[in-house]
Amino acid sequence: MRGEFRVSDNNAVATVQDTESVAALVGEKLTLTAFNGLSGSLGGYAFVKVVVDRENSTIHFLNNARHSFHALYIGEEILGISQERMGARIDEFNQRFYHDADRRFYLGILALHTRREEETGQEWRVFSLETVEVDTMSADMITYFYEFVRAHLDDSLPLLFKPANHLQERAILELSPTALPRILAHELFSSSQFVPLNSGVTTGRLRAFRDEAEYRAATLEWHDIIVMHRVPDDIPRLAGIINAHHTTPLSHTNVLATGWQIPNAIQIGVFDLIERENLNGQWVEYEVDDGNPTVSLRLVDEPASANQRPAWYAQRIVLDEPESENTPIAALTELRHRDHHRYGTKAANLGELHHVLANGSQRLLGFFQVPRPPRENLLPYLGKLLGAPEGADLASASRKLLGERVRVPRGIALPFSVQQRFLESSPRIQQAIGKLKMALELNAREVEPLCVELQQLIRGARMPADLVSEIDDALIAQLAGVRAFVVRSSSNAEDLAGFSAAGIYESINHVTTAEKILASIKEVWASLVSVRSVRLRQQAGISLDECFMGVVIQEQVAADFGGVLVTSNPLNRNDFRNVYVNVSPQVTDVVDGTKQPMQYLYNTVEGGGRTMSLGDAKEDLGERAKEQLQRLAVAGRLLQSHFSPDYTFDSPVDIEWLADEDTIHILQLRPYSV
């Protein structure tokens, strides 16, 4: 009977070997000190990779800095297979490692979670064990894996099994929590002390607001770093953001922060840190690094140039020259992407979507055709996700998925020329626009009251009779019989790769009468000159002269649930497999945004999903709804390929959607900045 604990000289591998019995090992286990010596860090968690070799009753703890992939380590260190040969046969080996019922190796990740109780100040630590997300372990295999790892860990820290996907969540339901202590991904996520939303470092003045009243009473500058329980959506452009409460990476605020490329994180207990170190109102260096366990706030001297404009004032967004004359109101089905200079980006993208759903696209397979070493491409994976037989035409299969499952609500688009005709019909509006342009050129303090005055004039002005008639004719021709409408913005200064304008312009739902449609159109036009939109465009180098507002009027569709999808993983930008999905189980919650959504990751290569957060929901979605989310994820990846601006097909998109268990309705699609 022999037990050995060995750490090699290069600290690459810690190995516990037991040739006869796991139970025979006494005191020869992975200690916390050894774990820390091997661990890497991601998303604020320290972790090591684990390989259990059932044939030799051996467990290996891998140094992530030396061995970033389980398979390559197994090949080189255990099987004697070169990295080149392993890469050439990676799909074959992955089948053995993650799917074979009698597999030799069990692979996983051991992570250390630390939390400080705010009331007592006490710190607790726990290990979690999870497999790779694509693993299809049965309940018996999970139990064996857990018990083997548990037997080789320091007994002073608890070990919980964390299901890596919905399949494993279902598998462990038959096991008692006593036999398999467990924690779900959304339980860990909701208790995380630190979540890096956008990595980076900046210097600025820290401004901590305990409630919204404090925030509303303050005057903010571009160099401020704002700290709130949940930062509101109407923030101006700032230097950094810290949320002291959990939020979703896909909120308007966090999407804007990503586009602005400013540090952004969730840090529980940050108010206590700020009070303890007297940081409020002080100049600090603020850093978010997903390799660290917390945000970093370090006192610095106030720079002499604090009152100067930041570098991003010079980073102009260049708009295509708009066309604002002699353009007819059109059905969305008549538009293509090239029409964005006449109808706005949102309307043009919806028109392009209509075209893709009706006619397909040669670009749909682009993301899956790109080599991702060691794989030549991901087309075989797409075939499995689509349920297509080997050798099938995947372009046709992709078009079938989109054609059968995805819809764009029908609607019409009002071009920039309609807005211009309305504005030119009122001398008072023209005079107010001239005053606002002058104030912006002089950077005068009168900008804000002039914006408010101009908005009021636009809302109150009478719509010319010829415009009313044209709008009415278009609605009758395209949307006769519709009982409720959605009126959306479609500016040439939104939904751009460098300027998303998420949440800046108005969209009005539940519009039911002709009078309310006209009022809603004017409300959308007025949002182009709101104080916030004018200031944000000014900071991006977009002048008022360059900006025009189109309007989309669509049928309001019925659905069971809805939300936002981005074809990226905001928590791990190197993850090419997963997309992030926000879900509001009640459609009304999608609109008003008052409740925290459910959050999911869905794999668009091997398939499968994970629940990251239940938000304010009481329970998870049912299986049919989750199946629909998997289809949504694949559809999103296909559409990413079509809308990609280049031939890497890597540019993610942001999709607003509604769905029931049969149909997915796409309400808008725009670039997602990373």
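Biologist: What should I know before reading the model?
Modeller: Residues are numbered from 1 along each chain as its sequence is written, and side-chain values use heavy atoms, leaving out hydrogens and water. The model is predicted: local features need pLDDT of at least 70, side-chain atom pairs count only at pLDDT 80 or more, and totals for chains, interfaces and linings use all residues.

Biologist: What is the strand order in the open sheet of five strands?
Modeller: Strands are DSSP runs of E, at least two residues, and helices are runs of H or I, at least four, numbered from the N terminus. Two strands pair if DSSP finds at least two bridges between them. Here the order is β16-β18-β21-β19-β20, with antiparallel pairing. The edge strands, β16 (330-331) and β20 (507-511), each pair on one side only.

Biologist: How many bridges join β19 to β21?
Modeller: Seven, between residues 485-491 and residues 549-555. S491 stands opposite M549 in β21.

Biologist: Which strands does helix α20 touch?
Modeller: Contact means heavy atoms within 4.5 Å. Helix α20 (residues 514-527) touches β18, β19, β20 and β21.

Biologist: Is H246 buried or exposed?
Modeller: Buried means under 20% relative accessible area, exposed over 50%, and partly exposed in between (1.4 Å probe, protein chains only). H246 is buried, because its relative accessible area is 14%.

Biologist: Where is H246 placed?
Modeller: H246 sits in the loop between β12 (240-243) and α9 (252-260). Not counting residues up to four places away in sequence, H246 touches several residues, including F189, V195, R230 and Q596. A polar atom of the H246 side chain lies 2.9 Å from the backbone oxygen of S192.

How values were computed. Axes fitted to C-alpha atoms, helices over the stretch in contact; angles between N-to-C directions. Polar contact = N/O pair within 3.5 Å; in protein donor to acceptor, adjacent residues only side chain to side chain.
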